[in-house]
Amino acid sequence: MTEAAPRSQFLSLHLLETLAAVLPVRDENAQPKTLVFGGVERHMITSQARRRAERVYARSRANEGRGALKGRSMGVRTREWAILTGRELESDHGWEKERALDTARAVMEGSGLKFGDPLKPTVANLTKVLIFAPSDAAMKIAEYIAAQATEVEQWRSAYREAQARAEAAKKARRTAKKKTASPPETEEPGEPSAVETAAATPLPPLPKAIRDAVLLALAPRDAVDIALYGRFLAEIPDSPNVDGAIQTGHAFTVHEAEQIEDFYAAADDAKLDRKRNALSFLDSADDAGAGMTGYQSLISGTFYRHAVLDRTQLRTNLRVAGMDEEEAEKAASEAEKEFVNAFVEAFPEAKKNSTASTGSLPALVLAFEGERPYNYASAFQRPVDEGPVSAGGEGPAGPAAVRRLLRHHTFVSRRREDLRTAKVLTYDPEIDMLLGELALPESLTVVERAEDLTP
């Protein structure tokens, strides 16, 4: 049996995709995001939007029993862990709804998490920050709370009473500031007032065993997507954070930004039905005009995007999560396959119903190994000139970008001995013909499936 060639630490992925009349990500003014590169404005699809699309795509497939990670533990990023835990206590352990939710929130507060304003129902039971944790975290916390119900509820009662006293003390201090009266005669000079005493009383700490159980449930554990994408939870210093194994760059157009302001008019069905059944000209005229009008910005262009998988970091994360070497190696191999598939297939879902953007397929994917990451953004620092070749231009941006990217890779690979096992995939028949015409290096292989981009 032939021994497999050693694998490099980094897998670099580079992709070109052409999009028409889409809006996959917007800024705070509902405008397309942009950056200036090479002296001109380019449209941008942020790495955050791409990473979330890829992460959710892989998680959905795993939960549905599809893909390389089927059956693996995955994570959920949410502010609703107290709500989810309360539901578990209610449905699986028979707790009354209000009791379950209040206990779940109190326990998580005692563990170090901060929640929204209790006087605002919409945020009262949401953590201040999103927490990326294994999907079964709420179930595990609920199981522990139910198993230790007496101890947990005794602590919760004392905790809520202390909170109420502290809140009353705060209100009293605010009221006292508005008054100019002297201190009450009943209190000796130099002694703290009742208000000061109540305010200074610390909240009873959550018993260590309960806190440890909560932190263990929220820890990354064996959630593969946390090992891939990482997480940072600053609110609880002793909760383990994870350095992600994936680096993702912002996608940008290889040419100058192209944008249109699309005017739209939405019909009012009831108005049109009334107009259709009008008995007189005047009745029909009263219902003239659209139900609603507005503008939306849409972008088109060929985008370059790039991501890197650090295989060493991925295996380290899985080992730290508790896997032995053999299991970590198996999980890492599966995670790599699913990451590559998600990089090719997943797309942000903003405006998907009105633009059909999620049906896009890449014009070209280039994958190769190396001892360090390689970013080829500089291949497009000079924007592609889409003018006719006969007039000195480069022609359509898609084929022009493919020529540039592969030329750039060929040039770099001649100077870097660590680059190997390069593969390309296209879903565009014109690009496929172009690949046959280009002088590609012998180390580069054309494949027909995303699964073949990585060993």
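Buried means under 20% relative accessible area, exposed means over 50%, and partly exposed lies in between (1.4 Å probe, protein chains only). Helices (H or I, at least four residues) and strands (E, at least two) are DSSP runs, numbered from the N terminus.

This is a predicted model: local features need pLDDT of at least 70, side-chain atom pairs count only at pLDDT 80 or more, and totals for chains, interfaces and linings use all residues. Residues are numbered from 1 along each chain as its sequence is written, and side-chain values use heavy atoms, with hydrogens and water left out.

## Helix H2

Start with helix H2, residues 81–93. Which residues of H2 are buried? They are Trp 81, Ala 82, Thr 85, Gly 86 and Leu 89. These residues sit on the same side of H2, because they cover an arc of only 140° around the axis. The arc is that of the directions from the helix axis to the C-beta atoms. Ser 91 and Asp 92 are exposed, on the face of H2 turned away from its buried side.

The expected span of a helix is 1.5 Å times one less than its number of residues. H2 has 13 residues, so it should span 18 Å. Its end C-alpha atoms are 17 Å apart, which agrees.

## The largest pocket

Now the pocket. On a 1 Å grid over the protein atoms alone, a pocket is an open set of points where a 1.4 Å probe fits, with protein on both sides within 12 Å along at least five of seven lines. Lining residues have an atom within 4 Å of a point. A volume is the space filled by probe spheres set on the points, and grid points are joined across faces, edges and corners.

The largest pocket has a volume of about 720 Å³. Its lining has 25 residues, and the closest to the pocket centre are Arg 105, Glu 109, Pro 118, Gln 163 and Glu 167. Where does the lining come from? Helix H3 (97–111) and helix H5 (149–177) each supply at least two residues. H5 gives the largest share, nine residues.

The lining can also be sorted by class. Ala, Val, Leu, Ile, Met, Phe, Trp, Tyr, Cys and Pro count as nonpolar; Asp, Glu, Lys and Arg count as charged; the others, Gly among them, count as polar. By this scheme the lining has twelve charged, ten nonpolar and three polar residues.

A polar contact is a pair of N or O atoms within 3.5 Å. Within protein, one atom must be able to donate a hydrogen and the other to accept it, and residues adjacent in sequence count only if both atoms are side-chain atoms.

Arg 311 is in helix H11, residues 311–320. Is Arg 311 buried or exposed? Arg 311 is buried, because its relative accessible area is 4%. Its side chain makes a polar contact with the side chain of Glu 369, at 2.7 Å.

Thr 426 is in the loop between strand E11 (420–425) and helix H15 (429–437). Thr 426 is buried as well, with a relative accessible area of 13%. Its side chain reaches the backbone oxygen of Ala 363 at 2.5 Å. The side chain of Thr 426 also reaches the backbone nitrogen of Asp 428, at 3.0 Å.

## Positive phi

Most residues other than glycine have a negative phi. Ala 21 has a positive phi of about 50°, although it is not a glycine. Ala 21 is in strand E1 and is partly exposed, at 31% relative accessible area. Arg 221 has a positive phi of about 45°, and it is not a glycine either. Arg 221 is in the loop between helix H7 (208–218) and helix H8 (224–229). At 18% relative accessibility, Arg 221 counts as buried.

## Distances between residues

The table sets separation along the chain beside C-alpha to C-alpha distance.

| Pair | Along the chain | C-alpha distance |
|---|---|---|
| Pro 32 and Lys 178 | 146 residues | 50 Å |
| Tyr 229 and Arg 174 | 55 residues | 46 Å |
| Arg 26 and Arg 51 | 25 residues | 16 Å |
| Leu 364 and Gly 65 | 299 residues | 28 Å |

Pro 32 is in the loop between strand E1 (10–22) and strand E2 (34–37). Pro 32 is buried, at 6%. Arg 26 is in the loop between E1 and E2, and is partly exposed at 40% relative accessibility. Tyr 229 lies in helix H8 and is buried, at 11%. Leu 364 is in strand E10, residues 364–370. At 0% relative accessibility, Leu 364 counts as buried.
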